[in-house]
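Dear colleague,

I would be grateful if you would read the account beside the model.

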Amino acid sequence: MTHGHDAGAGATRVPPVPPVPPIPPTQRSEPRPGRQRALLAAVLAAVVALSVAIYVGVAADDGTRGRASGPAGRQAPPGAAAPASTGAWVGAWSASPAAAEPGTAAKGLAGRSVRNVVHAGVGGTSARVTLSNLYGTTPLTITHATLALADSGGGAAVADGTLRRLTFSGAARVVVPAGGQVLSDAVRLRVPYGSDVLVTTYSPSPSGPVTYHPHARQTSYLATGDRTEDTTGAGYTPTPYWRYLSALDLFSNEAEGTVVVLGDSITDGATSTPDTNRRWTDVLAARLRTAVEQGRDVPRYSVVNQGISGNRVLTGGQAGGRGGPADNPSGLDRFDRDVLGRTNVRAVVIDLGVNDILRSSALADPDAILDGLRALVARAHARGLKVTGATLMPFGGHRGYSDAREAIRQRINAEIRAGRVFDAVADFDKALRDPYDPRRLRADYDCGDHLHPSDQGYARMAQAVDLDDLKGAAPARL
């Protein structure tokens, strides 16, 4: 959906744990006090060895196995710069690559620094990022990249002492293949919950179309030249897009897994107030955190947003030039990458279908839409993931409304409520509709276009998700 139309410091590394020397044979025949010391040393050695095994295992088994990295994608070496504390890698922020940025086909953003601003939905002690060249037709060369916390004053300035250089398999320079992505090495940095994180990249050479996410609802920045280590932000100008960056992961003891939300512009946060993080997924993340702090028995999960404005279950946008991928790929086409490929996925929420109804040149086939949703659920189940699905909210008063389309929406919602599509239901329709005219959004929940919610409506959506429904795995097949 589109709005109004359709729905300087180097990377710090943890020193390796030194090996524990074996107990000399002479100690085994010592008098009793010596034998006690030897026994104590052996116990300590076993404890240290077990701790190292757990430490390496946690850092390596981070939920990213099977992530498609493209024809030359790189993964961070196990345990690289991982924190010594216990925890898990989880998604702190993510945005789906949505399209090739218009006007960038010839030169990309050669000679410019891109400073993306993203909001951390969980806290952590180490960070890593994923860079995407999905829509590029030639390799993207990044010669310099940094990560930092944003200064409290806002803008493109860096908080004191937080700038970290990013590396990729130990090197500052990385080449992201056309159609692929890369995962950075981890850097040690304490990222508090709710902080804004700056991820800056510099590419000196033309790379073809820029992979971007146009409806960010977040101000990021561009600068001429390599200003990746500029902490003042003075050379940067604002931009409304996210470019190249598709994920920020944190090593966290605040969460043990990630909820991935797949959706369209309503999930993308279209019409929410920019730079305030009032998408319904932001509010859901805050609800989970508050419930955990209150001692409730709810999952300790982060939430990442894989909404793309205009997205549909069944149909994607036009294919890119020279055989490139389609802009705005369908939910079916992008599910493996944008949902199953996210870090440490534990639960899935799907809110898709309204664009399949509104954007069809003829009347949409409700059975085809339902079959598409069931196919997404089957893929999640194959990975042992439970799926919560949302009912489709009303769009009475929108320019695409008709009684025939309303009947299709009602048919789809009836199947969802009957439990014949998803494992659990978030009834967004019931939560936001006008009780006196159920074909429309309630006035205070309507941004004014009769399709997208207001900030208050987005908050109400998040309240309609039962946190207990995020527990557990996919139901066993009988």
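The lining of the largest cavity divides into five nonpolar, one polar and two charged residues, where Ala, Val, Leu, Ile, Met, Phe, Trp, Tyr, Cys and Pro count as nonpolar, Asp, Glu, Lys and Arg as charged, and the others, Gly among them, as polar. A cavity is a set of points on a 1 Å grid over the protein atoms alone where a 1.4 Å probe fits but cannot get out, and lining residues have an atom within 4 Å of a point. Points are joined across faces, edges and corners, and the volume is the space filled by probe spheres set on them.

This is a predicted model, in which local features need pLDDT of at least 70 and side-chain atom pairs count only at pLDDT 80 or more, while totals for chains, interfaces and linings use all residues. Residues are numbered from 1 along each chain as its sequence is written, and side-chain values use heavy atoms, with hydrogens and water left out.

The second largest cavity has a volume of about 50 Å³. Its lining comprises six nonpolar, five polar and one charged residues, including S132, W242, R243 and Y244. Strand β12 (211-213) provides the largest share, three residues; β15 (242-243) and β16 (245-252) each supply at least two. Strands (E, at least two residues) are DSSP runs numbered from the N terminus.

S132, in strand β4 (residues 124-132), is buried, with a relative accessible area of 4%; buried means under 20%, exposed over 50% and partly exposed in between (1.4 Å probe, protein chains only). A polar atom of the S132 side chain lies 3.2 Å from the backbone nitrogen of L134. Beyond four places in sequence, S132 touches P97, V176, G180, Q181, T211, Y244 and S246 (contact: heavy atoms within 4.5 Å). Y244, in the loop between β15 and β16, has a positive phi of about 70° although it is not a glycine, and counts as buried at 4% relative accessibility.

S169 also has a positive phi, of about 50°, without being a glycine. S169 belongs to the loop between β7 (164-165) and β8 (174-176) and is partly exposed, at 44%.

Finally, the largest nonpolar core has 37 residues, and V129, L147, L166, V197 and L248 have the most contacts inside it. A second, separate core of 32 residues includes V339, V345, A380 and F422. Such a core is a set of buried Ala, Val, Leu, Ile, Met, Phe, Trp, Tyr and Cys residues joined through side-chain atoms within 4.5 Å.

Yours sincerely

Notes. 1 Å grid on protein atoms, 1.4 Å probe; cavity = no way out; pocket = protein on both sides within 12 Å on 5 of 7 lines; lining within 4 Å. Helix = DSSP H or I, 4+ residues; strand = E, 2+ residues; numbered from the N terminus. Polar contact = N/O pair within 3.5 Å; in protein donor to acceptor, adjacent residues only side chain to side chain.
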